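Please read them with the structure open.

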Amino acid sequence: MKALENKILEEGIVLGNDILKVDSFLNHQIDVELIDKIGEEFANYFKDKNVDKILTVESSGIAPALATAQRLGVNCVFARKKQSLTTDENIYHSSVYSFTKQVMNELIVSKKFINEGENILMIDDFLANGQAAKGMIAIIRQAGANPVGCGIVIEKSFSNGRQIIEDMDIPVYSLARIAKLEPGKIVFEEN
Ligand code: 5GP
């Protein structure tokens with residue numbers, strides 16, 4: 001998605017060799033016009049998947065997930081993050097490791113909001129090692145629902161996240177694919 005790539009080139013800041021900071025339009029301030037286009041793009045791509053609901057992870061996944069949900073006319077659920085294990089029997093949960101924050105997070109979703117047999121589309125801001133997506137897939141499966149796709153705003157394709165999700169036969173669609181990050185330099189995959 002050209003508008004997104006241009007925005008990343010103009011405003012993205014590379015931290016070290018593998019972290020991209022996009023606080024000015026996605027992760028802190030949200031560019032409403034761009035997020036609307038992102039929602040439109042995901043909705044068009046996944047329109048034939050009979051999506052019943054969107055699942056994302058708080059907090060940075062919520063904006064693109066909501067924009068997509070609005071376009072598809074479905075509701076959007078976000079997994080909450082907690083650092084300690086909880087034993088509440090009314091929730092689905094899975095443990096995921098965050099490489100950016102270097103902590104284990106517990107993803108939690110109330111059993112009320114994902115139902116057996118529903119087609120669930122996952123949306124997230126970044127895909128790196130696939131941990132967040134794996135956590136969402138585990139929760140969808142616990143509910144007896146179907147993970148029908150994974151929409152990613154920015155994929156770091158030098159990490160192995162896409163492979164992990166595609167190996168589970170779940171299609172991945174990314175709007176910007178980054179091949180390489182270096183201080184002051186962002187290189188996209190050739191289309
Ligand atoms: P994964 O779970 O695929 O390893 O990483 C994806 C999650 O980590 C995303 O939900 C995102 O919040 C965070 N993340 C991974 N890489 C980056 C990055 O370069 N920049 C930002 N802002 N977040 C990232």
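**Notes on the fold**

1. Start with Gly130. At 2% relative accessibility, Gly130 counts as buried, because the cut-off for buried is under 20%. Gly130 sits in the loop between S7 and H5. Its C-alpha atom is separated by 20 Å from that of Gly16. Along the chain, Gly130 and Gly16 are 114 residues apart. Keep in mind that this is a predicted model.

2. Next, the sheet. What is the strand order? The open sheet has eight strands in the order S5-S6-S4-S3-S7-S8-S9-S10. The pairing is mixed. Strand S5 (91-98) and strand S10 (185-188) stand at the edges. Each of these two has a single partner strand, so one side of each lacks a neighbour in the sheet. On average, neighbouring strands are turned by 30° against each other, direction ignored.

3. Now strand S7, residues 119-127. Is S7 enclosed or open? Nine of its nine residues are buried, so S7 is largely enclosed by the rest of the structure. S7 runs parallel to S3, joined by three bridges. Within that pairing, Lys53 has Ile120 in S7 as its bridge partner. S7 also runs parallel to S8, and here eight bridges join the two. Leu127 stands opposite Glu155 in S8.

4. S9 (residues 172-182) and S10 run antiparallel. Four bridges join them. Glu182 has Lys185 in S10 as its bridge partner.

5. Two helices lie across strands of the sheet. Helix H1 (residues 2-11) lies across S8 (146-156), S9 and S10. H1 runs at about 160° to S10. Helix H5 (residues 131-142) lies across S3 (53-57), S5, S6 (103-110), S7 and S8. H5 runs at about 165° to S5.

6. Look at the pair H3 and H4. Two packed helices are described by the angle between their axes and the distance between the axes. For helix H3 (residues 32-45) and helix H4 (residues 62-72), the axes come within 8 Å. They cross at roughly 55°. The two helices are therefore oblique to each other. Their crossing is right-handed.

7. Which residues make the H3 and H4 contact? From H3 come Ile35, Asp36, Ile38, Gly39, Glu40, Phe42 and Ala43. They meet Ala63, Pro64, Ala67, Thr68, Arg71 and Leu72 in H4. By class, the residues of this contact divide into eight nonpolar, two polar and three charged.

8. H4 also has other neighbours. Ala63, Pro64, Ala65, Ala67, Thr68 and Ala69 are buried in H4. The buried residues of H4 pack against H2 (23-27), H3, S3, S4 (75-82), S7 and S8. Gly73 follows H4, and its phi is positive, near 70°.

9. Last, Asp88. Asp88 is found in the loop between S4 and S5. Is Asp88 buried or partly exposed? With a relative accessible area of 39%, Asp88 is partly exposed. Asp88 and Ile108 are 20 residues apart in sequence. Their C-alpha atoms are 10.0 Å apart in space.

Technical notes
Residues numbered from 1 in each chain as written. Predicted model: local features only at pLDDT ≥ 70, side-chain atom pairs only at ≥ 80, totals over all residues. Heavy atoms only, no water. Pairing = 2+ DSSP bridges. Axes fitted to C-alpha atoms, helices over the stretch in contact; angles between N-to-C directions. Contact = heavy atoms within 4.5 Å. Parallel < 35°, antiparallel > 145°, perpendicular 65-115°, else oblique. Left-handed = near helix turned anticlockwise from the far one by under 90°. Nonpolar A, V, L, I, M, F, W, Y, C, P; charged D, E, K, R; others polar. Buried < 20%, exposed > 50% of the residue type's maximum accessible area, 1.4 Å probe, protein only.
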